[in-house]
Protein chains: 2
Amino acid sequence: MSGCSTEHGLITVDQALDLILEQTHTLATEKLKLNQALSRYLAEDVYSSINLPLFSQSAVDGYALCAQSSIEPNTEFNLIGEIQAGHSSELKLKAGQAVRIFTGAKIPFGTTTVARQEIVQVIDASRIKIMENLKANADIRDVGEEISIGQLLASKGQQLSVGAIASLSMAGISTVEFVQYPKVAVVITGDEVAESVEDFATGKIFDANGPLIEAWFQQVGQQIEIFHVADTEDAVKSLIQKLSKSYDLILTTGGVSVGDYDFIRPVALDIGFEQIFWKVKQKPGKPMFFAQLERNDRSHCYLLGLPGNPAAVYVGMQIYTSSLLNALQGQKQQPKWFSAVLTHDVKMDGRERFLRMSASFDQSILKVKSLSKQQSHMLSNLMQANCLVRIPAGQSLREGDIVHGLFIH
Amino acid sequence: MSGCSTEHGLITVDQALDLILEQTHTLATEKLKLNQALSRYLAEDVYSSINLPLFSQSAVDGYALCAQSSIEPNTEFNLIGEIQAGHSSELKLKAGQAVRIFTGAKIPFGTTTVARQEIVQVIDASRIKIMENLKANADIRDVGEEISIGQLLASKGQQLSVGAIASLSMAGISTVEFVQYPKVAVVITGDEVAESVEDFATGKIFDANGPLIEAWFQQVGQQIEIFHVADTEDAVKSLIQKLSKSYDLILTTGGVSVGDYDFIRPVALDIGFEQIFWKVKQKPGKPMFFAQLERNDRSHCYLLGLPGNPAAVYVGMQIYTSSLLNALQGQKQQPKWFSAVLTHDVKMDGRERFLRMSASFDQSILKVKSLSKQQSHMLSNLMQANCLVRIPAGQSLREGDIVHGLFIH
């Protein structure tokens with residue numbers, strides 16, 4: 001809405017992201033059990049202290065055999081016992097002997113091959129016959145064939161996925177060093193936010209920002225605390241001052257523009273926060289503010305001030321808060337933007353825009369389509385949106401042009 | 001590993017998925033607050049009981065003006081007051097009057113346009129001058145321009161995303177009817193699963209399946225209960241019988257093949273479960289078992305028996321459990337497979353395979369690359385994998401062929 005004159009001196013989206021990555025210090029580390037560490041970043045390389053498989057084992061339900069060479073159809077073997085998975089055995093096979101065995105069970109000493117039960121005929125309790133050709137070493141999983149002792153399992157900086165938890169668990173790893181997750185306080189400013197339905201006639205609105213941020217952190221599986229504060233300088237100052245003592249990150253919504261009631265920035269500077277940037281050449285979310293405070297113990301508190309309109313908060317969470325949380329955990333990389341094909345023209349704007357779009361695959365090609373109601377006080381198109389797409393400043397785009405974006409929760 | 005003879009009568013992956021969708025009854029509904037309902041499915045259409053914006057409001061920090069027509073540069077107005085966001089006012093503007101106003105504040109009666117503060121010069125406490133041309137209705141957000149009373153906000157069956165929570169919150173919605181999330185019990189079978197490091201010499205292995213399933217449900221934000229059971233018919237039977245009385249879904253790992261210690265299927269049938277399918281023509285996970293029990297009160301308990309090898313459990317969770325949980329919540333659709341370009345040849349196999357692959361965008365085209373160590377007892381490639389790709393039975397594929405897959409957690 002503002003004229004070009006007010007855009008002077010604004011930094012770009014990429015500059016803002018780079019400053020977030022450059023200016024944040026990685027938090028300390030902590031030891032965690034794997035079942036507390038989903039989506040957390042490893043603070044150390046993890047090596048295997050075991051072989052996988054741990055021992056040579058049968059890959060099938062069948063019979064462990066001892067033979068001098070490969071086996072011809074109709075060869076008979078003496079059955080001398082059984083080994084169930086998870087049970088050990090002192091059995092030793094000699095030539096011509098067989099043991100009943102199950103998937104995952106440790107093959108006995110002397111085993112040269114394993115016959116799956118489908119190719120075995122049981123003659124009686126002590127005799128079996130192999131019905132097909134069988135070569136040496138069939139259906140045996142060799143000790144260490146997947147992982148050997150001392151092998152790197154996972155690298156410092158890797159994020160713990162469900163698959164990574166399963167994979168480390170299988171190698172007997174239960175506790176690993178992780179970078180701490182930031183302790184986050186959320187401050188919702190604005191006298192216009194209604195506390196209840198009765199508040200309404202007085203020009204207030206329902207709060208979308210608190211529920212939005214709460215749900216966003218639920219989605220990433222983390223706890224936060226939310227505070228509401230009135231639009232007075234004293235109230236804002238005393239709350240920020242208190243929070244800055246014990247939180248790693250204070251996220252605020254509203255109160256960062258140049259209005260007479262925009263207290264977040266002056267109060268933060270007054271408390272001793274150092275401004276890293278203020279105002280980004282983007283839509284929505286121009287008056288975004290980022291600052292840091294170094295505490296007496298040399299630890300830091302960061303403050304990311306998002307504008308109060310809900311679209312700016314939404315973009316702020318998906319693009320900036322996400323990058324900042326990763327940076328505090330040692331991940332100093334820009335978001336992983338996808339490339340997609342635009343399915344329609346997009347008009348030029350003086351600022352870079354994040355448009356809420358719907359992305360879908362057309363065969364293997366990702367295509368994106370803008371949704372209506374993109375204004376900064378509107379959110380209803382988030383019912384259909386699954387991505388945010390960057391439209392560079394000062395460019396009009398054509399159907400078929402390649403754009404970059406992020407999938408969103 | 002098995003010969004073609006044992007594949008006879010197996011159902012395909014698509015048949016198995018269709019049976020899961022067709023044979024499950026949707027659970028009952030429950031009223032939930034939005035902050036408890038992330039990722040849940042709406043059981044009703046949701047309509048707005050308010051307009052959005054709730055009232056006509058300023059889109060900027062500036063001045064509400066009353067003028068007969070569009071305004072020429074250097075027109076002066078009498079300043080008669082101020083309206084802050086969230087505060088109401090009885091002020092009424094007459095021609096030639098102005099009110100100081102802030103973003104989101106209700107515009108006073110008589111307002112014909114709003115001047116953003118950047119184009120206004122303050123002469124003194126009671127006079128302002130507009131410096132540029134200004135047309136009628138500038139920077140006013142009209143009541144109901146986004147949403148009007150009675151408009152559909154969200155549809156029955158829609159999943160509640162972060163954006164949907166924000167959007168409904170903004171419309172003052174706080175409680176909605178959702179389909180219940182299934183109550184899930186997980187049963188890990190197998191004497192080979194080590195309880196502690198000391199158990200080792202005896203042929204046991206570390207459990208990957210319990211941690212995998214626990215983390216998978218953490219990722220989707222749901223609670224489950226995990227039970228471990230020994231490989232005896234009595235232990236399996238008494239546990240399944242007990243769980244079938246109060247859970248909607250029993251997920252088991254191991255014990256569903258034809259080995260002498262595979263008790264899940266016979267025990268379930270004995271208790272009164274009705275088999276929906278057993279054995280799917282796929283790798284990994286062939287001996288998968290699905291059954292249902294109708295209880296005396298006409299409610300149902302479902303049992304999905306996954307094979308014990310961790311790769312089969314992983315595929316089982318991502319493809320089948322995921323579809324089953326959705327079906328129980330009324331979502332009777334196959335997974336949304338992506339299409340991608342294969343970057344290398346893939347050899348033929350008699351069964352359909354789910355290969356763990358790494359997917360990435362090459363410009364706007366999604367390309368997938370297979371990872372080594374795909375065997376069913378191996379999981380270490382999950383450190384790099386971000387998708388499961390379907391390789392159809394009996395086809396050898398070439399670099400450049402289109403394949404279908406799912407992104408994974």
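1. Helices (H or I, at least four residues) and strands (E, at least two) are DSSP runs, numbered from the N terminus. In chain B, α2 is followed by B:G172, whose phi is positive, near 80°.

2. On conventions: this is a predicted model, in which local features need pLDDT of at least 70 and side-chain atom pairs count only at pLDDT 80 or more, while totals for chains, interfaces and linings use all residues. Residues are numbered from 1 along each chain as its sequence is written, chains are lettered from A and ligands numbered from 1 in the order in which they are written, and side-chain values use heavy atoms, with hydrogens and water left out.

3. Overall form of chain A. Six helices and 24 strands make up its list of elements. The radius of gyration of chain A is 31 Å, well over the 22 Å that the globule rule gives for 409 residues, so the chain is more spread out than a compact globule. (The radius is taken over C-alpha atoms, and the rule is 2.2 Å times the number of residues to the power 0.38.) Along the principal axes, the C-alpha atoms of chain A fill a box of roughly 95 × 55 × 45 Å.

4. Of its 409 residues, 55% count as buried. Buried means under 20% relative accessible area, exposed over 50%, and partly exposed in between (1.4 Å probe, protein chains only). Contact means heavy atoms within 4.5 Å. Among contacts in chain A between residues at least 6 apart in sequence, 71% join residues at least 24 apart.

5. Surface and charge of chain A. The accessible surface comes to about 16900 Å², and 47% of it belongs to carbon and sulfur atoms. These areas come from the Shrake-Rupley method with a 1.4 Å probe; for residues, only the protein chains shown count as cover. Chain A has 36 positive and 44 negative side chains, and the centres of the two sets lie 3 Å apart. Lys and Arg count as positive and Asp and Glu as negative, with His and the chain ends not counted; the place of a charge is NZ of Lys, CZ of Arg, CG of Asp or CD of Glu.

6. Helix α1 of chain B (residues 13–23). Its buried residues are B:V13, B:A16, B:L17, B:I20 and B:L21. Seen down the axis of α1(B), they fall within an arc of 135°, so they line one face of the helix. The arc is that of the directions from the helix axis to the C-beta atoms. The cover over these buried residues includes β16 (274–278), β18 (289–294), α6 (310–328) and β21 (352–362) of chain B.

7. Helix α2 of chain B (residues 162–170). Here nine of nine residues are buried, among them B:V162, B:I165, B:L168 and B:M170. Which elements cover the buried residues of α2(B)? They include α3 (209–219) and α6 (310–328) of chain A, together with β2 (46–47) and β11 (152–154) of chain B.

8. A:T252. This residue is found in strand β15 (residues 249–253) of chain A. A:T252 is buried, with a relative accessible area of 1%. Leaving aside neighbours within four places in sequence, A:T252 is in contact with A:V187, A:I240, A:I264, A:L303, A:L304, A:G305 and A:L306.

9. A:D61. This residue is found in the loop between β3 and β4 (62–65) of chain A, and at 12% relative accessibility A:D61 counts as buried. Not counting residues up to four places away in sequence, A:D61 touches residues of both chains, including A:R100, A:R116, B:S257 and B:D262.

10. B:S380 counts as buried at 16% relative accessibility, whereas B:K373 counts as partly exposed at 30%. Phi of B:K373 is near 60°, a positive value in a residue other than glycine. Leaving aside neighbours within four places in sequence, B:S380 is in contact with A:E146, A:I147, A:S167 and B:K373.

11. Cis peptide bonds. The bond from A:L52 to A:P53 is cis, with omega near -10°, and A:P53 lies in the loop between β2 (46–47) and β3 (57–58) of chain A. The bond from B:K283 to B:P284 is also cis, with omega near -5°.
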